[in-house]
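Look at the sequence and the structure before you read on.

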Amino acid sequence: MEIGNLQRRYLDFASTLFHEGFLDNQFTQLQQLQDESSPEFVLEVVTLFFEDSEKLLDELSRTLNQQAVDFKKVDAHVHQLKGSSASIGAQRVKNVCVAFRNCCEEMNQEGCLRCLRQVRNEYFLVKNKLETLFALEQQIVAAGGSVPMMW
Amino acid sequence: MAALAISSCGRRALLVDDNVINRMVVRKLVEEQGIALEEAENGKEAVELVKEGRVFDLILMDREMPVMDGPQATKQLRSLGVTTPIVALSADAMQSDKDSFLQAGADDFVEKPLSVDKFALVLTKYGLQDGQAADQ
């Protein structure tokens, strides 16, 4: 596919991610920090976010499915997930975490399980979108083009 | 845990945050400004670093951390005689949380996540922009 088309596809796709609320301005901040000295910075941060988040989601599932739920522990994990998702601009994940923390404070197990389902859903959605975005970047570079700036 | 990035311009910052991804992003922000950065995973580690004799031009302190939180660490640092600007970092903090952090001795409160622009404002406010580094 011609470079120009790939670049347009990339910009259109990226634009929908922001428009649909998957990403916010913090993601643009990460892209602005990427430079020649750290050309893979965004990929590195997001990859770490994926690894960390999946561990947290597994731990949340385990903790919430115990007989006696340790809501402090659940809240601590959600706090971590909220922080990391905010740091990379994964807005919808972060927003579910805000509601999740409220359920923890109320010690509402059902509410927490509902939030866990929602946050897992939002996490895998944004993971899929970001993987597609990075794949488009790779296609552009492989075709000999440069990844267009979104700002 | 304390990671040190050496720079030649003399400005030194301490980042206190338990979240590994937050630290990765702020590390890049700080290093872009040519500032040497040390990191601590919680308030207790931060206090230990200062007790070991480390001196900083700026401390970025997260609010919620295990072992010792931001306000506690700030109180302890002030009681040790630390006069370094301490900028509290938190997301979605209630006014009462902000007030207690400032009462503990923090100089400023910045909403997370820390952006390029917010960090630039912090550096300017405390005289740490490149070319205006404070004397120690």
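**Cavities and a listed site**

The second largest cavity holds about 30 Å³ of space. The model is predicted. Two cavities of 30 Å³ or more turn up in a search of the whole structure.

**The largest cavity**
- The largest cavity has a volume of about 60 Å³.
- Chain A supplies A:Q26 and A:S87 to the lining.
- From chain B come B:D17, B:N22, B:V25, B:V26, B:L89, B:K112, B:P113 and B:L114.
- Helix α1 of chain B (residues 20-32) gives the most to this lining, with three residues.
- By class, the lining has five nonpolar, three polar and two charged residues.

**The site at B:D62**
- UniProt lists B:D62 under "modified residue: 4-aspartylphosphate", in an unreviewed entry.
- B:D62 sits in strand β3 of chain B, which covers residues 58-62.
- Is B:D62 buried or exposed? B:D62 is buried, because its relative accessible area is 3% and buried means under 20%.
- Leaving out residues up to four places away in sequence, B:D62 touches B:V16, B:D17, B:D18, B:G70, B:L89, B:F101 and B:K112.
- Among these contacts of B:D62 are B:D17, B:L89 and B:K112, which also line the largest cavity.

Notes:
Residues are numbered from 1 along each chain as its sequence is written. Chains are lettered from A and ligands numbered from 1 in the order in which they are written. This is a predicted model: local features need pLDDT of at least 70, side-chain atom pairs count only at pLDDT 80 or more; totals for chains, interfaces and linings use all residues. Side-chain values use heavy atoms; hydrogens and water are left out. On a 1 Å grid over the protein atoms alone, a cavity is a set of points where a 1.4 Å probe fits but cannot get out, and a pocket is an open set with protein on both sides within 12 Å along at least five of seven lines; lining residues have an atom within 4 Å of a point. Grid points are joined across faces, edges and corners, and a volume is the space filled by probe spheres set on the points. Helices (H or I, at least four residues) and strands (E, at least two) are DSSP runs, numbered from the N terminus. Ala, Val, Leu, Ile, Met, Phe, Trp, Tyr, Cys and Pro count as nonpolar, Asp, Glu, Lys and Arg as charged, and the others, Gly among them, as polar. UniProt positions are given in the numbering used here, feature names are shortened, and annotations may be inferred rather than shown by experiment. Buried means under 20% relative accessible area, exposed over 50%, partly exposed in between (1.4 Å probe, protein chains only). Contact means heavy atoms within 4.5 Å.
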